[in-house]
Amino acid sequence: MILRGEPEWNCRGGREKDCRLLLYKEINKKGNMYEQKGYGVVMDIRLIMVTARSATLELNDGGTYETEKKYRLLLNREMYGIADTVITSLFDLKPDTEYVIDVQEEDGTKAGSISFRTEEEFVTIDVRELGAAGDGVSDDTGYIQAAIMACPPKSRVLIPKGKYKITSIFLKSGINLEIARGAELLAETDRSRFARFPGRIESYDEKDEYHLGTWEGNPLPMFAGIISGIGVSDVKLYGEGIVNGCASKENWWNNPKVMVGAFRPRMLFLNQCKRIQVQGLTFRNSPAWVIHPFFSDDLLFTGLKVRNPQQSPNTDGLDPESCRNVEIMGVHFSLGDDCIAVKSGKVYMGRKYKRASENIHVCHCLMENGHGAVTVGSEIGAGVRSMVVEKCRFSHTDRGLRIKTRRGRGEDSILDGITFRDIEMDNVMTPFAANAFYFCDPDGKTEYVQSREAFPVDERTPALKHFLFENIHAVDCHVAAIFFEGLPEQKIEKIEMRNCSISFAEDARTDVPIMSEGVEPCSKKGIHAVNVKQLILENVKIEGAVGEALELAGVEELQQS
């Protein structure tokens with residue numbers, strides 16, 4: 001966060017561009033940090049994203065979401081603001097301009113420096129000049145859409161300060177769309193005003209199909225997103241403004257599971273898109289899932305704020321579904337469901353397209369108040385592979401890691417190569433939960449899904465493979481430290497836990513650690529592991545557990561040190 005008038009700030013790490021780190025005098029490298037005589041600590045600074053008008057930096061001083069200290073940012077030797085988050089964004093820059101950012105501690109001690117050049121920009125189209133009123137009453141959808149469609153390549157559509165009433169707006173390839181500080185998009189809540197996307201459209205020759213609408217992993221009718229990208233590429237959506245879904249119990253959140261005309265829209269829906277970058281914006285009061293990339297690749301979400309009330313239904317923060325190469329950096333989630341939920345469709349989509357979500361990187365994020373901080377599932381018919389969550393903070397969520405699957409997800413539903421490391425948790429009910437008996441869907445409580453007896457392994461049986469958790473510290477937990485339940489016929493193959501410490505709150509609450517039949521509410525439970533082939537516990541410490549510290553059943557190999 002940069003404090004300059006109204007504080008709003010961001011950050012990210014991964015897929016970074018090479019930039020110069022300017023160091024002075026004698027430098028000793030220690031990991032990612034640098035120490036310098038007479039200059040205090042010099043940090044590792046990386047450029048994460050740049051547009052013609054903005055840039056995002058990673059100020060890596062060892063912090064998770066916030067930096068260890070506050071830093072002064074000098075832009076070409078002039079004071080820009082105070083940064084206190086690892087992922088930090090700068091706005092109001094000029095196109096095609098060379099910038100040097102000097103980072104100083106509050107006492108003026110130099111911490112580091114980086115240089116970059118902003119992108120070129122051909123023209124800016126201001127939506128006000130096309131007729132948008134920005135008064136919060138008039139319908140500005142058409143004017144904003146006209147600006148987008150008229151915008152040439154390497155140019156910007158600007159939504160300046162004001163309140164803009166809209167239904168849905170659609171992105172176009174090759175443009176930059178800036179929602180500036182003080183601008184707020186106010187979404188319509190009258191369902192009759194939204195386009196209705198059918199779930200599955202059969203091709204003329206009946207040999208193929210096209211998918212527009214989707215709901216919880218199935219091709220179903222859905223209202224168009226507040227902001228939608230359909231088959232677009234090379235788009236940068238950024239700014240310090242707000243996208244407000246205006247949802248409440250009087251409209252979208254009333255009878256939320258009932259389809260009325262179509263299922264509820266997403267705030268940002270990206271269907272079959274490529275190379276999309278989203279930076280700096282605040283999303284709030286979403287009708288349903290907030291950001292939903294679907295069958296899309298090469299995506300960056302950085303420095304965002306995603307805020308919904310704690311009791312809002314199905315308002316997941318960011319749900320990549322059958323997506324590849326996704327970076328989620330420096331995002332602050334506070335909402336009523338899972339903060340991040342990685343998915344790959346239910347049975348039909350998973351079996352037909354076999355498109356796993358893979359190469360997902362989550363870093364320097366803050367997750368608050370959700371059901372799960374980072375969830376895998378439950379709609380994972382095509383599996384999830386190669387996912388890393390690191391340097392994040394989870395606070396007051398029901399679960400930290402949350403794996404949700406069940407019989408019937410299918411043989412393509414393989415979860416493998418999932419790593420959590422360098423995580424801080426505070427007041428998380430159950431830090432680690434893996435549930436192979438999740439009771440979702442109309443058949444979720446049937447004997448086939450819920451039975452703890454072994455069934456034959458067939459085309460309906462999912463697989464949980466390798467999970468690694470290291471350098472994780474959780475305090476003031478409540479229900480259970482670790483609760484893993486695999487299938488008896490297809491056990492979890494390997495769980496490694498290294499350098500993890502978990503302590504319970506003195507006044508710990510009682511609740512269920514996972515959502516499945518037969519699991520009783522509990523409090524201060526230690527390690528519960530059922531149906532695991534190999535369980536490795538290295539320097540795993542649990543304080544304050546009541547009862548047996550280690551409950552095992554169907555664990556073939558335990559390595560503990």
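Analyst: Start with strands. Helices (H or I, at least four residues) and strands (E, at least two) are DSSP runs, numbered from the N terminus. Two strands pair if DSSP finds at least two bridges between them. Here, the bridge partner of Ile230 is Asn271 in S26. This is a predicted model: local features need pLDDT of at least 70, side-chain atom pairs count only at pLDDT 80 or more, and totals for chains, interfaces and linings use all residues. Residues are numbered from 1 along each chain as its sequence is written, and side-chain values use heavy atoms, with hydrogens and water left out.

User: In which sense do strand S23 and strand S26 pair?

Analyst: Strand S23 (residues 227-230) and strand S26 (residues 268-271) run parallel, over 4 bridges. They belong to an open sheet of 4 strands, in the order S16-S23-S26-S29. Strand S16 (169-170) and strand S29 (291-294) each have a single partner strand, so one side of each lacks a neighbour in the sheet.

User: Which sheet has antiparallel pairing?

Analyst: An open sheet of 3 strands does, in the order S5-S6-S9. Its edge strands are S5 (44-50) and S9 (87-90), each pairing on one side only. From one strand to the next, the twist averages 25°. For such angles, axes are lines fitted to C-alpha atoms, for helices over the stretch in contact, and angles run from 0 to 180 degrees between N-to-C directions. Strand S6 (residues 55-60) pairs with S9 over 4 bridges. Leu57 has Thr88 in S9 as its bridge partner.

User: Which residues touch the most other members of the largest nonpolar core?

Analyst: A nonpolar core is a set of buried Ala, Val, Leu, Ile, Met, Phe, Trp, Tyr and Cys residues joined through side-chain atoms within 4.5 Å. Buried means under 20% relative accessible area, exposed over 50%, partly exposed in between (1.4 Å probe, protein chains only). The largest core has 99 residues, and Phe301, Phe333, Phe394 and Phe469 touch the most other members. A second, separate core of 22 residues includes Met43, Val50, Leu57 and Leu73.

User: How many cavities are there?

Analyst: On a 1 Å grid over the protein atoms alone, a cavity is a set of points where a 1.4 Å probe fits but cannot get out; lining residues have an atom within 4 Å of a point. Grid points are joined across faces, edges and corners, and a volume is the space filled by probe spheres set on the points. The count is 2 cavities of 30 Å³ or more.

Key: On a 1 Å grid over the protein atoms alone, a cavity is a set of points where a 1.4 Å probe fits but cannot get out, and a pocket is an open set with protein on both sides within 12 Å along at least five of seven lines; lining residues have an atom within 4 Å of a point.
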